[in-house]
Amino acid sequence: MSITAYLAGPDVFLPDAEAHAARKVAICAGFGITGRPPLNEDVESLKALPEDRLWRVIFDKDVAMMEACDIIIANLTPFRGPSADAGTLVELGWFLGRGKPIFAYSNMATPFAERSRRHLAAQPDPIPGLMVEGFGLPDNLMVPGAVLQGGGHPIVLPADGRDRDFDSLEVFAECVRLAAEACRR
């Protein structure tokens, strides 16, 4: 059985996004999964479109790709703050709502509450006194809850408890391995 995975995450914003995506696709292939990164390689040809039309074209392309994929493998490594990328979280929710299997990983071993406290310490708190939930989870409880409910595995984190670079693929490879095993059952 062929499995197609939507490779969600803010990796698409990396300066070497295409090369990084190719490495992820190769890792997926090694486990018998066809990886589909939502790159917009043809966006250059679309740049003549006005911005208010261009973003809709990209959105529609990504939704069509999600429709065509069997599972999602999402990079939930914090992006520009203490939590996962907002767009990736929408994609995760889309898969949950469709009842399609969800697998996810983060290169950050530091728990969400600790990251949030560090983030708030680095800038003025816009609303002093608001609590930050703990639970020792890697993100807001709804995120690991969706992943666990959607795929039966928790978010894959660095096994040694040490944070990895944003673009490290070690934890991704472990997540792909788990996804391949789960989808073969």
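This is a predicted model: local features need pLDDT of at least 70, side-chain atom pairs count only at pLDDT 80 or more; totals for chains, interfaces and linings use all residues.
Local features are reported only at pLDDT of at least 70 and side-chain atom pairs only at pLDDT 80 or more, while totals for chains, interfaces and linings use all residues. Residues are numbered from 1 along each chain as its sequence is written, and side-chain values use heavy atoms, with hydrogens and water left out.

Let's begin with the sheet. Four strands form an open sheet in the order E2-E1-E3-E4, with parallel pairing. Strands (E, at least two residues) and helices (H or I, at least four) are DSSP runs, numbered from the N terminus, and two strands count as paired if DSSP finds at least two bridges between them. In general, the strands of a sheet pair through backbone hydrogen bonds, either parallel or antiparallel. Here the edges are E2 (33-36) and E4, each of which pairs on one side only. On average, neighbouring strands are turned by 25° against each other, direction ignored; the axes are lines fitted to C-alpha atoms, for helices over the stretch in contact, and angles run from 0 to 180 degrees between N-to-C directions.

Strand E3 has partners on two sides. It runs parallel to E1, joined by four bridges, and Leu 7 stands opposite Ile 73 in E3. E3 also pairs with E4 in the parallel sense, over four bridges, with Asn 75 opposite Tyr 105 in E4. To get from E3 to E4, the chain passes through helix H4 (residues 86-98) in a right-handed β-α-β crossover (with the strands pointing away from the viewer, the path from the first strand over the helix to the second runs clockwise). H4 lies across E1, E3 and E4, at about 155° to E3.

Next come the cores. A nonpolar core is a set of buried Ala, Val, Leu, Ile, Met, Phe, Trp, Tyr and Cys residues joined through side-chain atoms within 4.5 Å. The largest has 20 residues, and those touching the most other members are Ile 33, Ile 71, Ile 73, Phe 103, Tyr 105 and Phe 172. Two or more residues come from each of E1 (3-8), E3 (71-75), E4 (102-105) and helix H7 (170-184), with H7 giving the most, nine residues. Apart from this core lies another of 18 residues, including Leu 76 and Phe 95.

Lys 24, in helix H1 (residues 17-30), is buried because its relative accessible area is 3%. Leaving aside neighbours within four places in sequence, its contacts (heavy atoms within 4.5 Å) are Leu 7, Asp 11, Asn 75, Tyr 105, Leu 169 and Phe 172.

Note on methods
Buried means under 20% relative accessible area, exposed over 50%, partly exposed in between (1.4 Å probe, protein chains only).
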